[in-house]
Amino acid sequence: TLRCIGLGEWDMATRVKDLIDTSENPTVAPYAKDGESILRITARAKTEEEARLMIAPVEEEIRRRIGEYIYGIDEDTLEDVIGRELVSHNKSIAIAESVTGGMIASRLLSYEGGMSKVLNEAFVTYSDESKVKYLGVKEETLRSFGAVSEETAREMAQGLHEATGSEVCLVTTGIAGPTGGSEEKPVGLVYIGIYLDGAVHVWKRYFTGGRERIRIRTTIAALDYLRRLMNGIEVIE
């Protein structure tokens with residue numbers, strides 16, 4: 001099972017359509033689940049070893065086509081992949097969430113391989129006051145650009161690093177709705193910021209759906225951006 005993020009089920013199926021259409025043994029089948037796309041390769045043989053040998057070249061070809069979107073295999077989760085990366089390289093992380101309200105921290109804490117060794121601090125900085133108090137966001141920035149802006153997300157990420165000394169800092173701010181949106185800043189507008197290796201990266205995204213769906217999609221995107229950035233893979237919005 002190959003697990004993909006950032007590529008919709010239709011887009012994924014289009015890129016490997018010939019493999020899906022002509023597959024008999026092994027077969028290739030697409031699925032979509034909880035904001036991710038899945039390709040399942042199934043082979044039938046007399047032994048498991050023979051089946052895996054049959055699967056290998058198909059998997060290799062799929063990876064050649066969509067490898068940058070594949071974050072894990074079989075039962076992997078995004079938090080497992082990121083957790084292993086952080087723990088194996090002993091990289092400390094801190095998180096400050098506005099729109100996601102703790103969802104990112106909750107998912108990372110579900111990794112059982114030693115997250116307590118690398119997660120320094122996690123904040124829910126939902127109000128403007130908390131962004132100023134804990135992250136050092138300038139009041140002038142909030143007045144001029146608003147809490148949901150590239151400028152605020154950038155100061156949140158930089159301020160989180162300065163406050164905690166963490167090597168990796170991940171922040172979110174946005175409008176989950178159903179109220180609070182405007183023509184200039186509609187419901188679904190979010191900014192994701194990451195401090196890594198001395199630089200701050202910020203991405204602007206628009207997500208559709210209800211309040212919970214926007215928060216979930218922001219969480220998934222933020223974790224995928226972090227995965228990509230830590231592994232030197234281009235972030236595709």
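The model is predicted: local features need pLDDT of at least 70 and side-chain atom pairs count only at pLDDT 80 or more, while totals for chains, interfaces and linings use all residues. Residues are numbered from 1 along each chain as its sequence is written, and side-chain values use heavy atoms, without hydrogens and water.

The protein chain contains 9 helices and 9 strands, taken as DSSP runs (H or I of at least four residues for helices, E of at least two for strands) and numbered from the N terminus. Its C-alpha trace spans about 65 × 40 × 25 Å along the principal axes. Of its 237 residues, 50% count as buried; buried means under 20% relative accessible area, exposed over 50%, and partly exposed in between, with a 1.4 Å probe and protein chains only. Among contacts (heavy atoms within 4.5 Å) with a separation of 6 or more, 62% are between residues 24 or more positions apart.

Helix H6 covers residues 128-135, and its buried residues are Ser130, Lys131 and Leu135. They lie on the same side of H6, because they cover an arc of only 105° around the axis; the arc is that of the directions from the helix axis to the C-beta atoms. Glu129 and Lys133, on the other side of H6, are exposed. The buried residues of H6 pack against strands E5 (93-97), E6 (119-124) and E7 (168-174) and helices H7 (139-145) and H8 (150-164). Gly136 follows H6 and has a positive phi near 75°.

Glu36 belongs to strand E3 (residues 36-42) and is buried, at 14% relative accessibility. Its side chain forms a polar contact of 3.1 Å with that of Tyr71. Such a contact is a pair of N or O atoms within 3.5 Å; within protein, one must be able to donate a hydrogen and the other to accept it, and residues adjacent in sequence count only if both atoms are side-chain atoms. Beyond neighbours within four places in sequence, Glu36 is in contact with Arg3, Cys4, Ile5, Tyr31 and Tyr71.

Most residues other than glycine have a negative phi, and most peptide bonds are trans. Exceptions in this chain are tabulated below.

| Site | Backbone value | Loop |
|---|---|---|
| Asn25–Pro26 | cis, omega about 10° | Pro26: between H2 (17-22) and E2 (27-33) |
| Gly177–Pro178 | cis, omega about 5° | Pro178: between E7 and E8 (189-196) |
| Asp74 | positive phi, about 50° | between E4 (70-73) and H4 (78-88) |

Asp74 is partly exposed, with a relative accessible area of 39%, whereas Asp197 is exposed at 64%.
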